[in-house]
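Biologist: I have the sequence and the coordinates open side by side. Could you talk me through the fold before we get into details?

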Amino acid sequence: MRKARPKKRIILPDPKYNDILVTKFVNNLMMGGKKTTAYKIFYEAIDVVSDRTQEDGLEVWKKALTNVTPSVEVRSRRIGGATFQIPSEIRPERKQSIGMKNLIGFARKRSEKTMALKLAGEIQAAYKEEGSAFKRKEEIHRMADANKAFSHFRF
């Protein structure tokens with residue numbers, strides 16, 4: 001890189017649960033700079049989850065997030081005119097980011113009335129180890145497993 005590495009931004013914990021992970025999730029959920037709206041959607045979804053499961057909504061959400069977080073991924077690498085899919089470990093920040101983005105992305109594609117209900121549905125599905133976001137994680141792991149033979153081409 002030409003310039004120095006940019007400084008890590010300090011992320012403040014959210015107002016209700018005082019958790020940095022919640023703030024990161026809300027930042028991914030936010031569209032068009034509407035952070036208050038994103039917080040409302042998230043808190044409503046957590047309330048819906050806690051009503052449906054009779055458990056602590058935040059703990060259910062954290063378990064769901066770990067269930068949809070992949071540990072390996074495949075990266076394309078060109079070697080001698082052929083492109084190989086090489087499995088590689090993911091660093092922790094990227095793991096977390098991929099998990100959050102998958103959970104939010106597949107929640108948006110669901111067919112419930114409001115975004116809070118869509119998110120609540122996807123969180124519950126991920127908690128039970130089913131749903132689209134969990135399937136995506138399984139798919140990523142399957143691809144990495146199938147291409148294990150190329151792991152000696154590591155970057």
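Modeller: Bear in mind that this is a predicted model. As for contacts in the chain with a separation of 6 or more, 62% of them are between residues 24 or more positions apart.

Biologist: What secondary structure does the chain have, and in what pattern along the sequence?

Modeller: There are six helices and two strands, and reading along the sequence gives α-α-α-β-β-α-α-α. The C-alpha atoms fill a box of roughly 55 × 40 × 25 Å along the principal axes, and 39% of the 155 residues count as buried.

Biologist: Which residues of the largest nonpolar core touch the most other members?

Modeller: That core has 32 residues, and those touching the most other members are F25, L29, F42, W61, L103, L119 and I123. Each of α1, α2 (35-53), α3 (57-67), α4, α5 (115-127) and α6 (132-146) supplies at least two residues of this core, with α2 giving the most, at nine residues. In soluble globular proteins, nonpolar side chains tend to be buried together.

Biologist: Staying with F25, what does it touch beyond residues up to four places away in sequence?

Modeller: With those left out, F25 touches F42, W61, M100, L103, I104 and L119. Of these, F42, W61, L103 and L119 are also on the list of core residues that touch the most other members.

Biologist: W61 is in α3, so which residues of that helix are buried?

Modeller: The buried residues of α3 are G57, L58, V60, W61, A64, L65 and N67, and they pack against α1, α2, α4, α5 and α6.

Biologist: Changing topic, how do the two strands run, and how many bridges join them?

Modeller: Strand β1 (residues 72-79) and strand β2 (residues 82-89) run antiparallel and are joined by eight bridges.

Biologist: Which residues have a positive phi although they are not glycine?

Modeller: Two that I can point to are N18, with a positive phi of about 60°, and Q54, where phi is near 60°. N18 is found in the segment before α1, whereas Q54 sits in the loop between α2 and α3.

Biologist: Are those two buried or exposed?

Modeller: N18 counts as exposed because its relative accessibility is 60%, which is over the 50% cut-off. Q54 also counts as exposed, at 68% relative accessibility.

Biologist: Now to the largest pocket: how much space lies in it, and which residues lie nearest its centre?

Modeller: About 740 Å³ of space lies in the largest pocket. It is lined by 17 residues, with K8, R9, I11, K24 and E93 nearest its centre. The elements giving two or more residues to the lining are α1 (20-29) and α4 (92-108), and α4 makes the largest share, with seven residues.

Biologist: How does the lining of that pocket divide by class?

Modeller: By class, the lining of the largest pocket has nine charged residues, four polar and four nonpolar.

Biologist: Last topic, helix α6. Is K137 buried or exposed, and what is it in contact with away from its neighbours in sequence?

Modeller: K137, which has its place in helix α6, is buried because its relative accessible area is 14%, under the 20% cut-off. Leaving aside neighbours within four places in sequence, K137 is in contact with N67, V68, T69 and P70. N67 is itself one of the buried residues of α3. As for the distance from K137 to F153, 16 residues apart along the chain, their C-alpha atoms are separated by 23 Å.

Biologist: What about D145, how accessible is that one?

Modeller: D145 also lies in helix α6, and it is partly exposed, with a relative accessible area of 49%.

How values were computed: Residues are numbered from 1 along each chain as its sequence is written. This is a predicted model: local features need pLDDT of at least 70, side-chain atom pairs count only at pLDDT 80 or more; totals for chains, interfaces and linings use all residues. Side-chain values use heavy atoms; hydrogens and water are left out. On a 1 Å grid over the protein atoms alone, a cavity is a set of points where a 1.4 Å probe fits but cannot get out, and a pocket is an open set with protein on both sides within 12 Å along at least five of seven lines; lining residues have an atom within 4 Å of a point. Grid points are joined across faces, edges and corners, and a volume is the space filled by probe spheres set on the points. Helices (H or I, at least four residues) and strands (E, at least two) are DSSP runs, numbered from the N terminus. Ala, Val, Leu, Ile, Met, Phe, Trp, Tyr, Cys and Pro count as nonpolar, Asp, Glu, Lys and Arg as charged, and the others, Gly among them, as polar. A nonpolar core is a set of buried Ala, Val, Leu, Ile, Met, Phe, Trp, Tyr and Cys residues joined through side-chain atoms within 4.5 Å. Buried means under 20% relative accessible area, exposed over 50%, partly exposed in between (1.4 Å probe, protein chains only). Contact means heavy atoms within 4.5 Å. Two strands pair if DSSP finds at least two bridges between them.
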